Amino acid sequence: MDIYTVIGLIVAVGFAAFTLRELNKAIAVQLSIAGGAVIMLILLSQISGLFDEIGTFISQANTKSSFMEVMIKAVGVSYLAQIGSELCRDMGEGALAVKVEIAGKVILCSIALPLIIKIMNEFIEVINAVLQ
Amino acid sequence: MGIDIVLKIAGVGFLVAAACQVLKQSGRDDIAMITALAGLVIVLTMILGIVSTLFDNIRNVFKLY
């Protein structure tokens with residue numbers, strides 16, 4: 001799968017949606033949703049290979065794999081939030097799109113919070129050790 | 001799972017639009033609306049499967065459970 005295939009696919013979907021928009025707006029939106037889903041499905045197989053590579057690379061560095069998992073989860077949540085908000089925006093619901101984005105940010109925070117607390121605890125320990 | 005579903009949706013859209021135009025010209029506006037609605041539902045059932053596979057795949061790849 002190279003970039004030319006993806007561009008060709010997207011342009012074909014865009015052209016079909018553009019032609020359909022004047023005739024039937026609801027089906028044009030659904031067409032763009034389906035096109036986006038097809039393209040994302042094609043790309044996801046490459047993304048999973050990429051994450052496997054990064055995972056083996058990180059496991060060589062003797063760090064905890066839970067950190068890597070948090071990062072991958074954060075990327076996934078932000079992808080999903082962006083997809084959802086763009087779908088809402090395509091249908092002309094800007095307010096709902098903003099709400100989806102806010103939900104993504106909140107969930108991202110709750111995913112990353114344990115790591116941040118861990119780092120802060122390390123800092124506090126170091127500061128206490130220095131001050132004593 | 002490929003480009004064929006997109007082409008199918010585009011075909012359904014064009015067909016429904018043509019049918020709607022014909023029905024509207026012949027003065028059957030209510031049936032035209034029902035036709036548009038039926039097209040919408042058909043396309044929705046087509047994309048529901050693909051969107052759910054997309055979300056399942058994202059969940060698997062990004063380890064979201």
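**What touches what**

Contact here means heavy atoms within 4.5 Å. By that rule, 31 residues from chain A and 27 residues from chain B take part. This is a predicted model, where local features need pLDDT of at least 70 and side-chain atom pairs count only at pLDDT 80 or more, while totals for chains, interfaces and linings use all residues. Residues are numbered from 1 along each chain as its sequence is written, chains are lettered from A in the order in which they are written, and side-chain values use heavy atoms, with hydrogens and water left out.

**The interface**

Chain A and chain B bury about 2600 Å² between them, 88% of it on carbon and sulfur atoms. Buried area is the accessible area (1.4 Å probe) lost on putting two parts together, summed over both.

Helices are DSSP runs of H or I, at least four residues long, numbered from the N terminus. H2(A) gives the largest share, 15 residues.

**A look at H2(A)**

H2(A) runs for 36 residues and reaches 52 Å from its first C-alpha to its last, close to the 52 Å expected at 1.5 Å a residue; that expected span is 1.5 Å times one less than the number of residues. Just after H2(A), A:Asn62 takes a positive phi of about 60 degrees.

Definitions and conventions:
Helix = DSSP H or I, 4+ residues; strand = E, 2+ residues; numbered from the N terminus.
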